[in-house]
Amino acid sequence: MRDATRIIRSTMTVARPGEPTHDGPVFAAAFHTPGDVEGVAYTYARSHNPTWTALESAIAEIEAGPGYEAQALVFPSGMAACMAVFGAVLRPGDVCVLPTNSYFSARLLLQGYFTEMGIQLRQAPTANDAQIDHLEGARLLWLESPSNPTLEICDIARLAAAAHRSGALVAVDNTTPTPLGQSPLALGADFSVSSDTKSMTGHCDLLAGHVATRDPALHAKIEHWRTYSGSILGPMEAWLALRSLATLPLRLERSCANAQRIAEYLALRPEVASLGYPGLPTHPGHAIARRQMRSFGPVLGFALKDRATAEAFLAASHLLTQATSFGAVYTTAERRARWGGDAIPEGYIRLSAGCEDIDDLLEDIAQALDAAARA
Ligand SMILES: *Cc1c(COP(=O)(O)O)cnc(C)c1O
């Protein structure tokens, strides 16, 4: 079966006459467990929940590839998923290689708590596979491609092979493309990590994350971390996420096509000082992105002259909702430097294309750029 069919069907409940085609959320702390608990599927809901099981098997369908199966574990946020890999893998004295431009909160967690606990960090940029020179003796290589918010690309297969030669495990924060747009596990990563708050669920109404693996022993390590740290997703969020996943193929196809058209339009506008979108042939990582991505993602970044111009542009737009997330059905944008922490110009805008009609988006962006030029 092709992706869209497989994903949509995987969100349905196993057919039982008279039962719903899509089960509701299971709200439970404890399950009936008389006598011997050996082999009982559900006992206590910090360990397992049938709504997670349904969501995890649907996510595993997306993470699986030709010739391999995947397993997934869900978490209450993308950061909880990142933390599960850091916490389950890193021990005092270990070296973790991290992109200098990886997601801000992941960097903060490692630079703060983990460094204080005796983990050594080595940092290098995402572009040009710069991390490859820092792998000797490393325990974990953390990658993010495209990186957020600067959309740099690295060659995941090349870096994963080099890391494995050095005896390191490899995790990819795959939030921006989603596993439908890029398969880290097929490219050799040990962990595919995602904030499912973004495109995976796509409605900006819940936080969630997941970690997928091909290796049952690594899966067990992550599951052990989740059960004993108590970092668990609520059943209502799990159910909403499962419901949202059915439209992922449709949403991603439209939002990536819209992002490509917006990037092509911005490339023609003289006010746009720099523009990053892996789908543009002018992007330095385009050739690698074409090889390793099935779609180039909904997110693009561009710089206007300065902070005032960027603010005037966003204020003049009617269809770019200012919000600090991405991957929603509606288009969002923000002046990213307002948060600090990333090496980007003051006029840098991160834009996440939604599923609206592209002509409305292009007309709105055109008029907002004109208004900003007059301001
Ligand atoms: C948002 C995001 C995260 C963190 O996810 P939350 O769901 O907000 O905890 C991690 N990595 C990347 C690349 C993200 O965009």
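Predicted model: local features only at pLDDT ≥ 70, side-chain atom pairs only at ≥ 80, totals over all residues.
Strands (E, at least two residues) and helices (H or I, at least four) are DSSP runs, numbered from the N terminus. Strand 12 covers residues 348-352 and runs antiparallel to strand 9, with five bridges joining them. Strand 8, residues 274-276, also pairs with strand 9 in the antiparallel sense, over three bridges; two strands pair if DSSP finds at least two bridges between them. Here Leu-275 is opposite Phe-302.

## Burial of strand 9

Strand 9 spans residues 299-303, and five of the five are buried, so the strand is largely enclosed by the rest of the structure. Buried means under 20% relative accessible area, with a 1.4 Å probe and protein chains only. In a regular strand, side chains alternate between the two faces of the sheet. Val-299, Gly-301 and Ala-303 point one way, while Leu-300 and Phe-302 point the other way.

## Helix 2 against helix 8

The axes of helix 2 (residues 50-63) and helix 8 (residues 235-245) come within 9 Å and cross at roughly 35 degrees. Axes are lines fitted to C-alpha atoms over the stretch in contact, and angles run from 0 to 180 degrees between N-to-C directions. Contact means heavy atoms within 4.5 Å. Residues making the contact include Trp-52 and Leu-55 of helix 2 and Trp-239 and Leu-242 of helix 8.

## Basis of the values

Residues are numbered from 1 along each chain as its sequence is written, and side-chain values use heavy atoms, leaving out hydrogens and water. Local features need pLDDT of at least 70 and side-chain atom pairs count only at pLDDT 80 or more, while totals for chains, interfaces and linings use all residues.

Note on methods: Buried < 20%, exposed > 50% of the residue type's maximum accessible area, 1.4 Å probe, protein only.
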